[in-house]
Amino acid sequence: MDAQYLKSSFDKDGYVYIPGFLSQEEVEVLNTNIRRFIAEKIPSMAAGHYFYEDKNDAATLKQMQDLEKYDPYFKTLATDSKFEAIAKALLDEDVICKTVEYFNKPPKIGKATPPHQDGYYFMLDPQQAVTMWLALEKVDEENGCVKYIRGSHKKGMRIHGRTTTLGFSQGIIDFGTEEDLKEEIAFPANPGDLLVHHSLTIHRAGANTTAGRTRKAMGLIYWGESAKEDIEAKERYMKKLQEERRGAV
């Protein structure tokens, strides 16, 4: 796709969709390395860097974070790569990869991802950041495709509150307005298709309601070099999170 078109679309809608960003062969290599990573690296990962829907069932692995810190393949995937080039083009500045993630929604028990804005977690000033979501297998409404609220990145940060979804502690508490539903666009995807959204773009994903299909994807997060973390806001958020966790015990 033309870089100028992508930038224009991103600025207008808050997201871009790039079908076939990776070839079938590239997706196969990526999936092979994910399987290798799961077998080799999880035993040495920090506890907060991987999650299961059911911690007693290894088949329900739902999320892994910071893969680039544990394995050189994923560091190479994120830096000096075509993923990084897209991030630079969309943010119009140099970028830093903050994390490489893996997501899955296991069949029947893969929960819905609550509507949220990634920037609520990032706490940046300015909010110069993008999240990339790459399909590793066929994704549709039944197993939980991503849905965006078109143009929501232009309207600031919505109020977030505590959720019970593992890995997504905060969600937009007043989501579901007439405007939200009118502007919501679902993105079914094939393996190798890439979605990229702004840190203020509202998005969510449905549960996996299928009997036997997984919903596996990669995530890469890039911050623009101009983005600075609001340390005070981060400390307030962590304090609030700890208080909520104590209250839930």
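This is a predicted model: local features need pLDDT of at least 70, side-chain atom pairs count only at pLDDT 80 or more; totals for chains, interfaces and linings use all residues.
**Exercise 1. Classify the ring pair formed by Tyr-15 and Phe-187, and locate both residues in the chain.**

Solution. A pair of aromatic rings is described by the distance of the centres and the angle of the planes. Eleven aromatic pairs are found in a search of the whole structure. For Tyr-15 and Phe-187, the ring centres are 5.3 Å apart and the planes stand at 70°, so this pair is edge-to-face; the class requires an angle over 60 degrees. Tyr-15 is in strand β1 (residues 15-18) and Phe-187 in strand β11 (residues 184-187), so that the pair links parts of the chain 172 residues apart. Both Tyr-15 and Phe-187 are buried.

**Exercise 2. Classify the pair formed by Tyr-17 and Phe-187, and state which aromatic cluster contains them.**

Solution. The centres of Tyr-17 and Phe-187 are 5.6 Å apart with 50° between the planes, which makes the pair tilted. This pair, too, links distant parts of the chain, with Tyr-17 in strand β1 and Phe-187 in strand β11, 170 residues apart. Tyr-17 is partly exposed at 28% relative accessibility, whereas Phe-187 is buried at 12%. Together with Tyr-15 and Tyr-148, Tyr-17 and Phe-187 form one aromatic cluster.

**Exercise 3. Identify the salt-bridge partner of Glu-26, and explain which parts of the chain the pair ties together.**

Solution. The partner is Lys-82, with the closest N and O atoms 3.6 Å apart. Glu-26 is partly exposed at 33% relative accessible area, and Lys-82 is partly exposed at 37% relative accessibility. Lys-82 also lies over the face of Phe-21, at 5.0 Å from the ring centre.

**Exercise 4. Determine whether the salt-bridge partners Glu-53 and Lys-62 are buried or exposed.**

Solution. The closest N and O atoms of Glu-53 and Lys-62 are 3.8 Å apart. Glu-53 has a relative accessible area of 18% and is buried; Lys-62, at 7%, is also buried.

Key
Residues are numbered from 1 along each chain as its sequence is written. Side-chain values use heavy atoms; hydrogens and water are left out. Rings of Phe, Tyr and Trp (its six-membered ring) pair if their centres lie within 6.5 Å; planes under 30 degrees apart count as stacked, over 60 as edge-to-face and the rest as tilted. Helices (H or I, at least four residues) and strands (E, at least two) are DSSP runs, numbered from the N terminus. Buried means under 20% relative accessible area, exposed over 50%, partly exposed in between (1.4 Å probe, protein chains only). A charge sits over a ring if NZ of Lys or CZ of Arg is within 6 Å of the ring centre and within 35 degrees of the ring normal. A salt bridge is a side-chain nitrogen of Lys or Arg within 4 Å of a carboxyl oxygen of Asp or Glu.
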